[in-house]
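Thanks, everyone. Let me put the model up, and then we'll walk through it.

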Amino acid sequence: MATEAAQQLIAALTRRRASGAVVSADEVVAALDRQLDAWNVTRVVLADDPLLEQLGVADALGGDRREVLTWPPRLGARELLGLEGPAATCGVSVSVAAVAPRGTLMLAASTGQGRALDAAAAYHVSLVPDDRLHDSLAGALGQVYREGPPPSALSLVSAPSRTSDIEKISTLGAHGALGLHALVIAG
Amino acid sequence: MSERPVSYEDVTGTLRERATEALGDEQLRTNLRASAGSWAAGRKRMDEQYPFQEMREKGREIRTRAVAELPQLLDQLEENLTATGGVVYRAADAAAACRYVVELAQREGADLVAKSKSMATEEIKLNEALEEAGLRVVETDLGEWIIQLAGQHPSHIVAPAVHLNREEVADLFEQESGGPVENEREALVAHARQRLREVFATAQIGVSGVNLAVAESGTICVVENEGNGRLVTALPRIHVAVMGMERIVGSWEDAAHILELLPMAAIGDDAAGYVNLITGPRRPDETDGPEQFHLVIVDGGRSALRGGPFEEILNCIRCGACLYACPMWKSVGGQAYGSPYSGPIGAVLTPVLEGPHASSAGQLPHFSSLCGACHEACPVGIPIHDLLVKARGQATEQRPRSERVGMWLWSRLWSNPVAYGIGRRLARAGARVLGRRGWIERLPGPAGAWTSQRDVPTTWPPKPPSS
C-alpha cells in the first residue's frame, strides 16, 4: 500500500508535468520498461548503484530494443547530449533523498552517478525507496550534509526541464530532460 | 566611482527619455502586462497554499542575521570550500573580479565560455571583459541567450527577455542560424536546445552565478528551471561561480528556508526545476564534473553598506518579485532603468553600489510612486519604499545648492500649519485659474517640467480625463 508521503511526492511532480508511480520492488523493472517504451527510448544510461543491481535492472532492460550502459558510460559530451548517437536516451538515477510535499528528488554525485546523468539525457527516471522520503527540505538536506562528507554535487530535481522565457508561458524541454518520471519503491 | 559602474555605459538618453519611449511601445506594455499577470496568479496560489507571511518573517530574520555575521560566514565558506579543492578569490571590485576570470581563461587556453544566468556577472560586466580578451561567451539561459542575440540588456532579474514576444524571438533565431524558424513557443525552445547543445559540449569554462552559499559545508546553490545551470556546472573542464558577497547563510536549516521561499516569490511555484548544490570540483574517483572549481566573491561596494542606512538592501535574494509588483516597472519594463538591477530594488541597489558620487544612477530612486507594493511583494520583507526615500535623500545631496535651498524652504513652510493653510488656499485659487475640465495639464515657468509628463486633478476624486 502506497504511503501518503509517496503519493504527495507523485502529486507534486505531476503538477509540474512530471509523472510517477508507487511500485513494489518486484514491479520496478516492468514499470521502468513501460516508461522507456512510452518515450521510445533507445539508449539507457544506468547509475552504478547497488539498488539497481539488486533489482536486476540492467539485465532486464537489455535486449534488442535498446542499448543499456552503466555509469560511467564512456561516452563523450556530444553523445551524452544526444548530438551524436541515439537522441532518445534516458538516464536512470537513484535518489539519495526526496522531499514529498514539494516533489523534489535529490541526486548525489558519486563514482556511480555523475552530475550530468539526468540533465544531459533526453529523459530521466529516478528510483526512490520510500524510506528516503522526507517531509521538509531542511530535513532532507540535513540528512545529506550532516551524516557524512558532503557530496561534490547534490542535484535537486523537481520538474522536467522548463522555461517561461518566451511570453512567460511554461514550455518543456529547454536544456535538461524533456520527461521526468519517479518510481517510489514501497516497503 | 568604480572602474566598471553597475549601470550600463552603452545605454543612451536620460531615464525620462527611455521611460517615455517605453510608454509609447504598445507591444512592450502588452508583454509586460501579460508577464506581471502570470506572476501575480502564481504568487496568489502560493499565498493560498503556504503561510507566506510567517515564512517571510523567518526569511527576513535569516537574511538579517547572515548580513550581521557576514565576515565570519565568508571566512567559514572559504575554509570549507578550499578543503574540497575549490579555489576562492575575493574581489574588491568588478575590475578585479573580471581580471581574475580573464587571466584564468587565458592561462588555461580557453576560447569558449558557456554561461548560465547570473546577475553578479551582469553587474561586473564579465561578458564584455571576456570578449575584450578575445573569448567567445555564450549565454545558455534561454532568456539571456535571446537578449544576447538581440544585443540588449536584461529587463528582469529572473525573466530577462520578458519584453520580447515570440515573433521577435523567432526573428532573432533566424538571424543567428541563417535558416527559417517557426514562431511557435515549442519550436523556438527546441531550436535553442539544439543550438546550445554544441556550446555545452565544447566550452572549456562554465560560468554560473550563485543564488546562495552555505558556509557550514562550503557549498554554492545555483537555482534554475532549464537545466542549463547543471550542464554549465557539470560538463566544462572548469567551473567559475561568481557571487555577490552577501549571498550567504550559515547553516542548511537557513539555506533550506531561503531555497523554499525563492521559487515561491520568483515564479509562483513551491520548487524550482533544478537546484544545483555544488561543493567543490569533481572528486578523484568521479568521472564527470569540473576538474577546477573557482568561486569569485565580489564586494563591489557591498561591505560599505553594512551598518549603514542601506544595510537591508543586502538581504535581497534576487527573486524579482518587487519588479512584477511595481507599477513603474510594469509600465516601462526593465530596460528603461539602464542597469542590470531594475525595478524598485534596482532603483536602490544601483546608486548605492555605485556610491554617492556616481551621477548616472542618481535619478533612479525618483522613478517610483512609493506605493509600497515592492515591500508587500518582497519575500524577506525589505522596506524598499523606505530605502527609496533614503536614496532620494542621498541623490538630492548632489543637486545644485539653489535647488536644495528651495526644497529646504518648501519643507519649512509646509511644516508650519499656518503657512501650509495659506499654501493650500493659494493652490486652490491657482487650480481655478489654470484648471480645465477638472485637470491642470500645464503649469507655468519651471513648474512646467512637473506637468510635462503628468496631469494634476483639481478636484477629488478626480474627474475622468476627457478624451
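Start with a pairing: which residue is the bridge partner of A:Ala98 in β6(A)? That partner is A:Leu105.

First, the ground rules. This is a predicted model: local features need pLDDT of at least 70, side-chain atom pairs count only at pLDDT 80 or more, and totals for chains, interfaces and linings use all residues. Residues are numbered from 1 along each chain as its sequence is written, and chains are lettered from A and ligands numbered from 1 in the order in which they are written. Helices (H or I, at least four residues) and strands (E, at least two) are DSSP runs, numbered from the N terminus. Two strands pair if DSSP finds at least two bridges between them.

Strand β5, residues 97-99 of chain A, pairs with β6(A) over three bridges, antiparallel. Four residues sit between the two strands, and A:Gly103 there has a positive phi near 65°.

Now β6(A) itself, residues 104-108. Five of its five residues are buried, so the strand is largely enclosed by the rest of the structure. Buried means 20 or more other C-beta atoms within 10 Å of a residue's own, with C-beta atoms placed from the backbone. Both faces are covered: A:Thr104, A:Met106 and A:Ala108 on one side, A:Leu105 and A:Leu107 on the other.

Next, β9(A). Four bridges join it to β6(A), antiparallel. A:Leu107 has A:Ser155 as its bridge partner there.

β9(A) also reaches the other chain. Five bridges join it to β9 of chain B, residues 274-278, again antiparallel. A:Leu154 stands opposite B:Leu277.

What about the whole interface? 45 residues of chain A are in contact with 58 residues of chain B; contact means C-beta atoms, placed from the backbone, within 7 Å. On chain A, α5, α6, α7, β9 and β10 each supply at least two residues of that side.

Last, the open sheet of chain A. Six strands, in the order β1-β12-β7-β4-β2-β3, with parallel pairing. The edges are β1 (19-23) and β3 (67-70), each pairing on one side only. Neighbouring strands are turned by 20° against each other on average, direction ignored. Axes here are lines fitted to C-alpha atoms, for helices over the stretch in contact, and angles run from 0 to 180 degrees between N-to-C directions. Helix α1 of chain A, residues 4-15, packs on this sheet, touching β1 and β12. The direction of α1(A) makes about 165° with that of β1(A).

Definitions and conventions: Contact = placed C-beta atoms within 7 Å. Buried ≥ 20, exposed ≤ 12 C-beta atoms within 10 Å, placed from the backbone.
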